[in-house]
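The structure comes first, then the notes.

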Amino acid sequence: MPKISQKGQHMPSSPIRKLVPFAEAAEKRGTTVFYLNIGQPDIKTPQLALDAVRIHSLETIAYTRSEGSEDYRKKIAKYYEKNDIHVNHNDIIVTTGGSEALLFAFGTVMDEGDEIIIPEPFYANYNGFSTASGVKVVPVISKIEDNFALPPIEEFENLITSKTRAILICNPGNPTGYLYSEAEIKTLAEIVKKHDLFLIADEVYREFVYDDVKHFSVLQVPGLDEHAVVIDSVSKRYSMCGARIGYLVSKNKTFISTALKFAQARLSPPTLAQIASEAALETPQSYFDEVKAEYMQRRNTLMTALETIPGVKVAKPNGAFYCIVELPVKNADDFAQWLLEKFEYNNQTVMVAPAAGFYSTPGVGLNQIRIAYVLHEQSLVTAVNILKEALKVYKD
C-alpha cells in the first residue's frame with residue numbers, strides 16, 4: 001500500500017479521547033460511565049445564541065471574509081474593551097476554533113525545525129500542533145508540589161537557543177487550572193522582549209477564575225504589542241464547543257497580515273457559527289457570575305472528595321475547570337483502561353484522562369490523571385467514590 005508520512009506516523013493520539021472505545025464497550029455492557037476525561041461543559045449555551053441561528057433570515061449561507069465578518073470582529077473588540085484589553089477589530093482573525101488559531105500562529109512564527117518553549121504539563125494538542133508544524137516543543141517542567149507555578153526564570157533562559165521563536169502558555173491552564181499572576185506574565189514579557197521572541201497566550205478560559213483573583217492578559221502588558229499573541233475561543237466561555245469559533249488576536253500587524261494568508265487558504269470561518277457567536281457576545285454578566293459560582297462550588301466539592309483518598313495528591317486550580325491528580329499507581333494509562341474494561345462499583349465506573357499525554361518529556365506524569373469537573377456536584381462525589389473503591393483493589 002502507499003506509505004503514510006512520517007509526520008502522520010508521529011502525530012500523537014489524544015490522551016483525552018483514546019479511551020473512548022473502552023468507554024463505549026462498558027456502556028454496551030450496561031455500566032454507567034462518569035466522564036471526567038473531557039472538558040465538555042454541561043452548562044447550557046446562552047439561549048440568544050441558539051435563537052440567532054434558529055431565526056436567521058439568510059437565503060444563502062455564503063462565505064464571510066477570511067478574517068471573519070467585520071461586524072462580528074468589531075463586537076469582539078468591544079468585548080475585550082470591557083475586560084481592559086484594548087484592541088482594534090483589525091487586530092482580530094476569526095478562526096475555526098482555538099485549534100485553528102494555534103495552527104495559524106505556529107505557521108506564522110515558526111519554520112520547520114524551530115523551537116517553542118512551553119511550561120508542562122500543557123494542553124495535549126500542543127504536541128499535535130507542533131508535530132503538524134514540524135516544530136520542536138522544548139518543555140519547562142512545572143511541578144504538582146509547587147501547584148504548577150511558573151518555574152524559575154533561569155529555566156526558561158537556559159533553554160533559549162538560536163532556533164527558539166516563541167514561548168507558549170495557557171492561562172488559566174489546561175490541564176492544571178493554574179492561573180498566572182500579573183507578575184509572572186510581566187516576567188515572561190521581559191524574557192521575550194530581551195530575546196526578541198513571541199509570547200503566545202492561550203486565554204480561552206479567561207472567564208473562569210476563582211477566589212476573587214483577576215485574570216491578566218498578555219495584551220495588557222505595556223510595550224509588548226509586537227510580541228504578544230492571544231488564542232481565544234467561544235467554546236468554553238459560552239458552552240459552545242461545537243460551534244468551532246475561535247480568535248487569533250495581536251497588535252503586531254505583520255503577524256496578523258501573515259496569519260491572514262493561512263486563513264485565506266481555508267476560505268472563511270463557518271457562517272452560521274459566527275452568527276451564533278456574535279449573538280453570544282450579548283450574554284449578560286449574570287450568566288458568567290452564575291457559571292463561575294457553579295464551577296467554583298464543583299471545584300471545592302471535588303477537592304474535598306479527592307483529599308479523602310489515601311495516597312492521592314492534587315493541585316488546587318484557580319481557574320478553568322481541570323485539575324491534575326497524582327495517584328498511588330505506576331501507570332495511569334493502564335489504570336484508566338482497567339477502570340473501563342474490568343472494574344465497576346454499583347454497576348458504575350469512571351473515565352479519566354491519563355496525564356502523561358499532557359507532557360512532552362518522556363516518562364513524566366505517568367502516575368497522574370487530569371480530571372475535568374464538568375459534572376454536577378453529586379456526580380463528582382459519586383465518581384470520586386468509585387475512584388476510591390477502584391484504588392483499593394487495583395494491582396499494578
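## Helices α4 and α10

The crossing of α4 and α10 is left-handed. This is a predicted model. The axes of α4 and helix α10 (residues 271-280) come within 10 Å, and they cross at roughly 30°. Angles under 35 degrees count as roughly parallel, so α4 is roughly parallel to α10.

On the α4 side, the contact is made by Asp71, Tyr72 and Lys75. On the α10 side, Gln274, Ser277 and Glu278 take part. By class, the contact of α4 with α10 has one nonpolar, two polar and three charged residues.

## Helices α11 and α13

Helix α11 spans residues 285-306, and helix α13 spans residues 377-393. They pack at an angle of about 20°. Their axes lie 9 Å apart. That angle makes α11 roughly parallel to α13. The crossing of α11 past α13 is right-handed.

From α11, the contact takes Gln297, Arg298, Thr301, Leu302, Ala305 and Leu306. These meet Glu377, Leu380, Val381, Val384 and Leu387 in α13. The contact of α11 with α13 holds seven nonpolar, two polar and two charged residues.

## The largest pocket

What is the volume of the largest pocket? It is about 830 Å³. The lining of the largest pocket counts 34 residues. Nearest its centre lie Lys82, Asn83, Arg206, Glu207 and Gln285.

Two elements already met above return here. α4 (70-82) and α11 are the elements that give two or more residues to the lining of the largest pocket. α11 gives the most, with six residues. By class, this lining has 14 nonpolar, seven polar and 13 charged residues.

## The second largest pocket

The second largest pocket holds about 530 Å³ of space. Its lining is made of 23 residues. Arg17, Ser99, Tyr123, Lys236 and Arg244 lie nearest the centre of the second largest pocket.

A helix and a strand feature in this lining: α5 (97-109) and β7 (228-233) each supply at least two residues. Which element gives the most to the lining of the second largest pocket? That is α5, with three residues. The lining of the second largest pocket divides into nine nonpolar, nine polar and five charged residues.

## The cavity

Rolling a probe the size of a water molecule over the atoms shows where empty space is left. How many cavities of 30 Å³ or more does the structure hold? It holds one. The largest cavity contains about 110 Å³ of space.

The lining of the largest cavity has 15 residues. Pro119, Pro121, Cys170, Thr176 and Tyr180 lie nearest its centre. Strands β3 (115-120) and β5 (164-170) each supply at least two residues of this lining. β5 gives the most, with three residues. By class, the lining of the largest cavity has 11 nonpolar, four polar and no charged residues.

## Elements to revisit

Two helices link the packing to the largest pocket. α11 packs with α13 at about 20°, and α11 also gives six residues to the lining of the largest pocket. α4 crosses α10 at roughly 30°, and α4 also gives two or more residues to the lining of the largest pocket.

Definitions and conventions
Residues are numbered from 1 along each chain as its sequence is written. This is a predicted model: local features need pLDDT of at least 70, side-chain atom pairs count only at pLDDT 80 or more; totals for chains, interfaces and linings use all residues. Side-chain values use heavy atoms; hydrogens and water are left out. Axes are lines fitted to C-alpha atoms, for helices over the stretch in contact, and angles run from 0 to 180 degrees between N-to-C directions. Helices (H or I, at least four residues) and strands (E, at least two) are DSSP runs, numbered from the N terminus. Angles under 35 degrees count as roughly parallel, over 145 as roughly antiparallel, 65 to 115 as roughly perpendicular and the rest as oblique. A crossing is left-handed if the near helix is turned anticlockwise from the far one by less than a right angle, and right-handed if clockwise. Contact means heavy atoms within 4.5 Å. Ala, Val, Leu, Ile, Met, Phe, Trp, Tyr, Cys and Pro count as nonpolar, Asp, Glu, Lys and Arg as charged, and the others, Gly among them, as polar. On a 1 Å grid over the protein atoms alone, a cavity is a set of points where a 1.4 Å probe fits but cannot get out, and a pocket is an open set with protein on both sides within 12 Å along at least five of seven lines; lining residues have an atom within 4 Å of a point. Grid points are joined across faces, edges and corners, and a volume is the space filled by probe spheres set on the points.
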